Amino acid sequence: MANGLVFLAFLTLVVGLVGTVWVFVDAAENSSQSAVLWGLVAFFGGFLGILLYVLLGRDGGTGEDRTRSVPDRGTGKISHRCQSCGEKYYAPDSDIDTCRSCGGIRVERLN
Ligand SMILES: [Zn+2]
């Protein structure tokens with residue numbers, strides 16, 4: 001029986017270490033949050049930490065496309081659109097004179 005326990009402990013340790021390294025590497029690429037933070041979560045949280053990371057941490061990272069298409073996550077409603085390049089804006093509280101994408105001045109207010 002002792003061998004079984006040692007094997008279990010060894011397995012848990014290996015899975016924990018491999019999981020921590022994977023979370024750290026993966027978070028550096030696929031999470032907008034700190035890779036070090038998620039590595040620590042996985043290390044101390046074990047399976048639960050890794051699960052937490054998969055559910056909450058993997059949000060696609062800080063890619064340009066994400067910040068460009070959803071500049072303001074507050075409302076989700078398109079407030080302005082550039083008539084030159086089609087760039088969408090989510091800023092109902094502000095006036096936009098110049099398109100930040102193409103520099104054009106024909107930014108139409110939609111509401
Ligand atoms: Zn534009």
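Student: Where is C99 found?
Tutor: In this predicted model, C99 is found in the loop between β2 and β3.

Student: Is C99 buried or exposed?
Tutor: C99 counts as buried, because its relative accessibility is 3% and the cut-off for buried is under 20%.

Student: Which residues does C99 touch, sequence neighbours aside?
Tutor: Not counting residues up to four places away in sequence, C99 touches C82, C85, E87, Y89, G104 and V107. For E87, the separation from C99 is 12 residues in sequence and 7.6 Å in space, C-alpha to C-alpha.

Student: And where is C102?
Tutor: C102 is found in the loop between β2, residues 88–89, and β3, residues 107–109.

Student: What does C102 touch?
Tutor: Leaving out residues up to four places away in sequence, C102 touches C82, S84 and C85. C85 is 17 residues from C102 in sequence, and their C-alpha atoms are 6.6 Å apart in space.

Student: Several cysteines keep coming up. How many disulfides does a search of the whole structure find?
Tutor: The search finds zero disulfides. A disulfide would be a covalent bond between the sulfur atoms of two cysteines.

Student: Which protein donors does the zinc ion have, then?
Tutor: The zinc ion has the SG atoms of C82, C85, C99 and C102 as its protein donors, lying 2.3 Å from it.

Student: What spacing do the donors follow along the chain?
Tutor: The donors of the zinc ion are spaced as C-x2-C-x13-C-x2-C.

Student: Why is the arrangement around the zinc ion tetrahedral?
Tutor: The arrangement is tetrahedral because the four donor atoms subtend angles of 106 to 113 degrees around the zinc ion, and the criterion for four donors is that all angles lie between 85 and 135 degrees. The ideal angle for four tetrahedral donors is 109.5 degrees.

Student: Let us change topic. What does the secondary structure of the chain come to?
Tutor: The chain has three helices and three strands, and along the sequence they follow the pattern α-α-α-β-β-β.

Student: How many of the 111 residues count as buried, as a percentage?
Tutor: Of the 111 residues in the chain, 23% count as buried.

Student: Now the helices. At what angle do the axes of α1 and α2 cross?
Tutor: The axes of α1 and helix α2, residues 35–57, cross at roughly 75 degrees and come within 8 Å. The two helices are therefore roughly perpendicular to each other, because that label covers angles from 65 to 115 degrees.

Student: Which residues meet there?
Tutor: On the α1 side, they include W22, V23, F24, D26 and N30, and on the α2 side they include W38, F43, F47, I50 and Y53.

Student: Is F47 buried or exposed?
Tutor: F47, which lies in helix α2, counts as exposed, because its relative accessibility is 60% and the limit for exposed is over 50%. F47 and T12 are 35 residues apart in sequence, with 9.1 Å between their C-alpha atoms.

Student: And D26, buried or exposed?
Tutor: D26 has its place in helix α1, residues 2–30, and is buried, with a relative accessible area of 10%. Beyond residues up to four places away in sequence, D26 touches S31, Y53 and R58.

Student: Where does R58 lie?
Tutor: R58 lies in the loop between α2 and α3, the latter spanning 64–69. R58 is partly exposed, with a relative accessible area of 40%.

Student: What is R58 in contact with?
Tutor: Its neighbours within four places in sequence aside, R58 is in contact with W22, D26, N30 and Y53. From R58 to S31 the distance is 4.9 Å in space, C-alpha to C-alpha, with the two residues 27 apart in sequence.

Methods:
Residues are numbered from 1 along each chain as its sequence is written. This is a predicted model: local features need pLDDT of at least 70, side-chain atom pairs count only at pLDDT 80 or more; totals for chains, interfaces and linings use all residues. Side-chain values use heavy atoms; hydrogens and water are left out. Helices (H or I, at least four residues) and strands (E, at least two) are DSSP runs, numbered from the N terminus. Contact means heavy atoms within 4.5 Å. Donors are N, O and S atoms within 2.8 Å of the metal (3.2 Å for Na, K and Ca); water is not among the atoms, so sites may look incomplete. Four donors count as tetrahedral if all angles lie between 85 and 135 degrees; four count as square planar and six as octahedral if opposite donors are over 155 degrees apart and all others between 65 and 115; anything else is irregular. Buried means under 20% relative accessible area, exposed over 50%, partly exposed in between (1.4 Å probe, protein chains only). A disulfide is a pair of cysteine sulfur atoms within 2.5 Å. Axes are lines fitted to C-alpha atoms, for helices over the stretch in contact, and angles run from 0 to 180 degrees between N-to-C directions. Angles under 35 degrees count as roughly parallel, over 145 as roughly antiparallel, 65 to 115 as roughly perpendicular and the rest as oblique.
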